[in-house]
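This report describes one protein model for a reader who has not seen it before.

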Amino acid sequence: QKHHSIMGNSSTTSTQKPSRKHVLKVSSADKQDEGRSAVIMGPTGATGKYILSYLIASSEWKKITIIHRRIVDLDDISKKTGVIFTDEQKSKVTQHKVDMEKLCENE
């Protein structure tokens, strides 16, 4: 008997077949130490600041990368969302400042 899941096909046997070649299912125990990673573009927008706050405050997310046109003040995001971040939580965030005007400069 086969069962289908959103992440791909799985069966009652221990052999798992990924739905796509680049997707590899691992057990929950394997994922615990690694945690999840996220990339956010637009972390100061109406929705982005709340998503960013959730990711920073959550222990499930271990690495958060922000791509934005200026360096984001995490304390300002904290004030706007009402979510207080510890220094350890803020250390999960890596910021990349990008000049959006120059993205297509070499085309």
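## Burial and model basis

A residue is called buried when its relative accessible area is under 20%, exposed when that area is over 50%, and partly exposed in between, using a 1.4 Å probe and protein chains only. Of the protein's 107 residues, 25% count as buried.

The model is predicted: local features need pLDDT of at least 70 and side-chain atom pairs count only at pLDDT 80 or more, while totals for chains, interfaces and linings use all residues. Residues are numbered from 1 along each chain as its sequence is written, and side-chain values use heavy atoms, with hydrogens and water left out.

## Confidence

pLDDT is the predictor's confidence in each residue, on a scale from 0 to 100. The average for the protein is 79, and 66% of the residues score at least 70. Over residues 1-14 the pLDDT stays under 50. For that stretch the model has 13 contacts beyond four places in sequence, a contact being heavy atoms within 4.5 Å.

## Overall fold

Helices (H or I, at least four residues) and strands (E, at least two) are DSSP runs, numbered from the N terminus. The protein has 4 helices and 6 strands, and along the sequence they follow the pattern β-β-β-α-β-α-β-α-α-β. Among contacts with a separation of 6 or more, 63% come from residues 24 or more positions apart.

## The nonpolar core

A nonpolar core is a set of buried Ala, Val, Leu, Ile, Met, Phe, Trp, Tyr and Cys residues joined through side-chain atoms within 4.5 Å. The largest one here has 13 residues, and those with the most contacts inside it are Leu52, Leu55, Ile56, Ile64, Ile66, Leu74 and Val93. At least two residues of this core come from each of β4 (36-41), α2 (48-57), β5 (61-68) and α3 (74-81).

Apart from neighbours within four places in sequence, Val93 is in contact with Ile56, Ile64, Ile66 and Leu74. In soluble globular proteins, nonpolar side chains tend to be buried together.

## Helices α2 and α3

How do the axes of α2 and α3 cross? They come within 10 Å and cross at roughly 105°. Axes are lines fitted to C-alpha atoms, for helices over the stretch in contact, with angles from 0 to 180 degrees between N-to-C directions. Angles under 35 degrees count as roughly parallel, over 145 as roughly antiparallel, 65 to 115 as roughly perpendicular and the rest as oblique. The two helices α2 and α3 are therefore roughly perpendicular to each other.

On the α2 side the contact is made by Lys49, Tyr50, Leu52, Ser53 and Ile56, and on the α3 side by Leu74, Ile77, Lys80 and Thr81.

Val72 is found in the loop between β5 and α3. Val72 counts as buried because its relative accessibility is 6%. Leaving aside neighbours within four places in sequence, Val72 is in contact with Pro43, Thr44, Ile66, Ile77 and Gln95. Val72 and Lys97 are 25 residues apart in sequence, and their C-alpha atoms are 9.0 Å apart.

Thr94 lies in strand β6 (residues 93-97) and is partly exposed, at 35% relative accessibility. Not counting residues up to four places away in sequence, Thr94 touches Ile64, Thr65 and Ile66. Thr94 and Ile66 are 28 residues apart in sequence and 6.2 Å apart, C-alpha to C-alpha. Ile51, in helix α2, is partly exposed with a relative accessible area of 42%.
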